[in-house]
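The sequence and the structure come first.

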Amino acid sequence: MEKGRFMEIRIISAEDLDLSGRPIKGGVFVTVQTDPNCRCSTGVYTEGGSYRYLNENLQMPLPSSSRAVLVEVNCKTYSGVKKVGTAEIPISDFDGGNLPKDYLHILSYRLREGNGKRNGIINLSIRIKSSAEWRGYPMFSPLWVAGG
């Protein structure tokens, strides 16, 4: 992969989320990580029931060393932040091949708990841009992580 590339990832929605077998009522946020040093998060959503329409756009660097994007859905509870589920998206799912430059990928992934149990679905879109195309666009700060 070329250097100086950025990823625009829109977290569209999350569905069928539960925590300890109970539907989540509020406090959901999503964290995206492209490498150990680049991590950012959406805001915390308090409404939406089992189908959460988030529609939040994150812009972050896509290091050439990255092989996958880690997407975590978390829930803020009275006892702290609990991980609801994780999806690991291989870079090859949205980069490479014969697709046109600046192609918008609409993707859905099954979320898994730490023990491998299924726990909901995350729907998102991803677009890769070069650094030259990102001039003048505000970057989402990779330093802020909700609940962290």
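## Cysteines

The count of disulfides comes to zero. This holds for a predicted model. A disulfide is a covalent bond between the sulfur atoms of two cysteines. The sulfur of Cys38 has that of Cys40 as its closest cysteine sulfur, 6.2 Å away, which is too far for a bond because a disulfide needs the two sulfur atoms within 2.5 Å. Cys40 is likewise in no disulfide, and its nearest cysteine sulfur is that of Cys38.

Both residues fall under the 20% limit for burial: Cys38 is buried, with a relative accessible area of 5%, and Cys40 is buried at 1%.

## Nonpolar core

The largest nonpolar core contains 31 residues. Met7, Val32, Phe94, Ile122 and Leu124 have the most contacts inside this core. Strands that give two or more residues to the core include β1 (5–15), β4 (28–35), β5 (38–41) and β6 (51–61). Also on that list are β7 (68–77), β8 (80–90), β9 (105–112) and β10 (118–130).

In soluble globular proteins, nonpolar side chains tend to be buried together.

## Ser13 in strand β1

Ser13 lies in strand β1. Is Ser13 buried or exposed? Ser13 is buried, because its relative accessible area is 1%, and the cut-off for burial is under 20%.

The side chain of Ser13 forms a polar contact of 2.8 Å with the side chain of Asn123. Leaving aside neighbours within four places in sequence, Ser13 is in contact with Tyr51, Arg52, Tyr53 and Leu54, and also with Ile121, Ile122 and Asn123. Of these partners, Ile122 is also among the residues with the most contacts inside the largest nonpolar core.

## Arg127 in strand β10

Arg127 belongs to strand β10. Which residues does Arg127 contact, leaving aside its neighbours within four places in sequence? They are Phe6, Met7 and Glu8, together with Asp102, Tyr103 and Leu104. Arg127 and Tyr103 are 24 residues apart along the chain, and their C-alpha atoms are separated by 6.1 Å.

## Pro63 in a loop

Pro63 is placed in the loop between β6 and β7. With a relative accessible area of 21%, Pro63 is partly exposed, because burial requires a value under 20% and exposure a value over 50%.

Pro63 and Met7 are 56 residues apart in sequence, and the distance between them is 9.6 Å, C-alpha to C-alpha.

Conventions: Residues are numbered from 1 along each chain as its sequence is written. This is a predicted model: local features need pLDDT of at least 70, side-chain atom pairs count only at pLDDT 80 or more; totals for chains, interfaces and linings use all residues. Side-chain values use heavy atoms; hydrogens and water are left out. A nonpolar core is a set of buried Ala, Val, Leu, Ile, Met, Phe, Trp, Tyr and Cys residues joined through side-chain atoms within 4.5 Å. Buried means under 20% relative accessible area, exposed over 50%, partly exposed in between (1.4 Å probe, protein chains only). Helices (H or I, at least four residues) and strands (E, at least two) are DSSP runs, numbered from the N terminus. Contact means heavy atoms within 4.5 Å. A polar contact is a pair of N or O atoms within 3.5 Å; within protein, one must be able to donate a hydrogen and the other to accept it, and residues adjacent in sequence count only if both atoms are side-chain atoms.
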